[in-house]
Amino acid sequence: MKKLATIIFLCFLIFPSVAQTQDHQKLIDLDLGWEKALLESDVDFLSNLLAVDFVWVHNHASLIDGREAVVAKAKRIQSGQANDTRGRVSRDQKVVVLGNTAVVSGYTVVDRGPSPVTYHFMRTYVKEKGKYKLLANHTMAIPDEELKGK
């Protein structure tokens, strides 16, 4: 009987951490999909990922976009509007999950020429009906002189 109780106790310890690790990787993959969708102006991906009340606070709050603005920009680019973004590469992602809310943070290097800009980002995802939606995104450009060691 003690063995059974020990096994049950260990299962309660192990299974939540396995599920959380799976969610962590799922969120990193989803976040990489966000970057790819921005680069490729993937309207369908963006429409499905962004929560209705999505908000994106850009560098120093110089621009604040909602879901409609992000999707509309992707549609304009798909229709022929010029897009100077040549690359988006994320690194050093960290994931924190609390209940149905997850925060993914890290760095993204965005190449629009003449030289790439490194941004720190923090994105908030909320799980609805078993699927994560991007609710909020905050990006902040890091000055070149502060990049040393990052």
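To begin with the setting, what percentage of the 150 residues in the protein chain do buried residues make up? After that, please look closely at Arg123 in strand 5.

Mentor: This is a predicted model, in which local features need pLDDT of at least 70 and side-chain atom pairs count only at pLDDT 80 or more, while totals for chains, interfaces and linings use all residues. Residues are numbered from 1 along each chain as its sequence is written, and side-chain values use heavy atoms, with hydrogens and water left out.

Buried residues make up 33% of the 150 residues in the protein chain, where buried means under 20% relative accessible area, exposed means over 50%, and partly exposed lies in between, computed with a 1.4 Å probe on protein chains only. The chain holds 3 helices and 6 strands, and read from the N terminus the elements run α-α-β-β-α-β-β-β-β; helices (H or I, at least four residues) and strands (E, at least two) are DSSP runs, numbered from the N terminus. Of the contacts with a separation of 6 or more, 47% are between residues 24 or more positions apart, a contact being heavy atoms within 4.5 Å.

Arg123 belongs to strand 5, which covers residues 117-128, and this arginine counts as buried because its relative accessibility is 1%. The side chain of Arg123 is joined to that of Asp31 by a polar contact of 2.6 Å, and to the side chain of Asn137 by another of 3.1 Å. A polar contact here is a pair of N or O atoms within 3.5 Å; within protein, one must be able to donate a hydrogen and the other to accept it, and residues adjacent in sequence count only if both atoms are side-chain atoms.

Arg123 also lies over the face of Phe121, at 3.7 Å from the ring centre, where a charge sits over a ring if NZ of Lys or CZ of Arg is within 6 Å of the ring centre and within 35 degrees of the ring normal. Once its neighbours within four places in sequence are left aside, the residues in contact with Arg123 include Trp34, Glu35, Ser90, Val104, Thr108 and Leu134, besides Asp31 and Asn137.

A search of the whole structure finds 2 aromatic pairs; rings of Phe, Tyr and Trp (its six-membered ring) pair if their centres lie within 6.5 Å, and planes under 30 degrees apart count as stacked, over 60 as edge-to-face and the rest as tilted.

The elements that give two or more residues to the lining are helix 1 (2-40), helix 3 (67-78), strand 4 (101-111) and strand 5, and helix 3 supplies the largest share, 6 residues.

Most residues other than glycine have a negative phi, and most peptide bonds are trans. The peptide bond from Gly113 to Pro114 is cis, with omega near -5 degrees, and Pro114 lies in the loop between strand 4 and strand 5. Ser41, in the loop between helix 1 and helix 2 (43-49), has a positive phi near 50 degrees and is buried at 3%, whereas His60, with a positive phi near 55 degrees, is exposed at 61%.
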